[in-house]
Amino acid sequence: MRARVLIRPKAGILDPQGVAVERALPALGFAGVSGVHVGRLVELDVEDPAQVAPMCEKLLANPLVEDYEVEILDGSS
Amino acid sequence: MKFGVLQFPGSCDEVDALGAARRVGDAELLWHGARDLKGADAIVVPGGFSYGDYLRAGAIARFSPAMESVIAFAGDGGIVLGICNGFQVLCEAHLLPGALLGNANRRFTFRQVELDVVNRDTIFTRACTAGERLSVPAKHSWGRYYAAEDTLAAIERSGQVVLRYAAGENFNGSLNDIAGVCNEAGNVFGLMPHPEHAVDELTGSTDGLRIFESIRLSVEGVRV
């Protein structure tokens, strides 16, 4: 089964990458952009989707500073 | 006494750490794939880019066989010093509180920093004098110390904050200007700046030796 994990910096923690992107966009003519945050995407095929959350807790994310969200996709790609 | 200096794929400061340790005692390199700490009295987890910093700095190194032994060693009260990437590894291993995030200035920054020794009643700072300020280089992209509010209050209360960036020196945006912290038991210590690069007059400062000398005094039971 295909799983997708979205990992984001926790709200309230300064995200310098997000700030840099947010400041770059107006220079390219994209106005009205705010709240930019840059995270990571991890995709994996797993036999047991129930293992994905423990994987996030232990390795894929650092729950101290990051939030994660697991999506289980239909079928294998 | 003998230091054991870990070496991961991607470490780059293990040789300087070895050289600094050898100024105060014996030292040998310990490959990450081996569990044997070879009778070391103190372990140094060195700087660099272990496992390419993949995923997060220190996230993968933390699960190496050598680190499993270091976690057990620390649990038994063994002395562990983490420098830069080593600090990140120790935080990932939950041997130290908090985490290291991307520098607030968004840059890899390499500069000499001034550090205030705010707790000299530790295994790692007992050779320092009262109010001593150490001049040591720092070089990193991921050095912004962060801990949740309650953790931060707890480590401030218990004296676990050992080193702070002096006024105007906190380029990475660390909370409370924290440059180095120890665990509650006091036997594990991590810092972002590099004491092992400040051990010879040739490179401008020998202040980093204080940390290694403190460890030697602690291991040998010398009162200062």
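A salt bridge here is a side-chain nitrogen of Lys or Arg within 4 Å of a carboxyl oxygen of Asp or Glu. By that rule, one salt bridge crosses the interface of chain A and chain B. Its partners are the side chains of A:Glu66 and B:Arg56, at 3.9 Å from N to O.

Some ground rules. This is a predicted model, where local features need pLDDT of at least 70 and side-chain atom pairs pLDDT 80 or more, while totals for chains, interfaces and linings use all residues. Residues are numbered from 1 along each chain as its sequence is written, chains are lettered from A in the order written, and side-chain values use heavy atoms, without hydrogens and water.

How many residues does the contact take from each chain? Counting heavy atoms within 4.5 Å as contact, 15 residues come from chain A and 15 residues from chain B. The area buried between them is about 1,300 Å², with 66% from carbon and sulfur atoms; that is accessible area (1.4 Å probe) lost on putting the two parts together, summed over both. In chain A, the residues losing the most area to chain B are A:Pro16, A:Leu59 and A:Leu64, together 35% of what that side buries.

A:Val52, A:Cys56 and A:Leu60 are buried in α2(A), meaning under 20% relative accessible area (1.4 Å probe, protein chains only). Seen down the axis of α2(A), the buried residues fall within an arc of 55°, so they line one face of the helix; the arc is taken from the directions from the helix axis to the C-beta atoms. Their cover includes β1 (2-9), β2 (40-45) and β3 (66-73) of chain A.

Methods. Buried means under 20% relative accessible area, exposed over 50%, partly exposed in between (1.4 Å probe, protein chains only). Helices (H or I, at least four residues) and strands (E, at least two) are DSSP runs, numbered from the N terminus.
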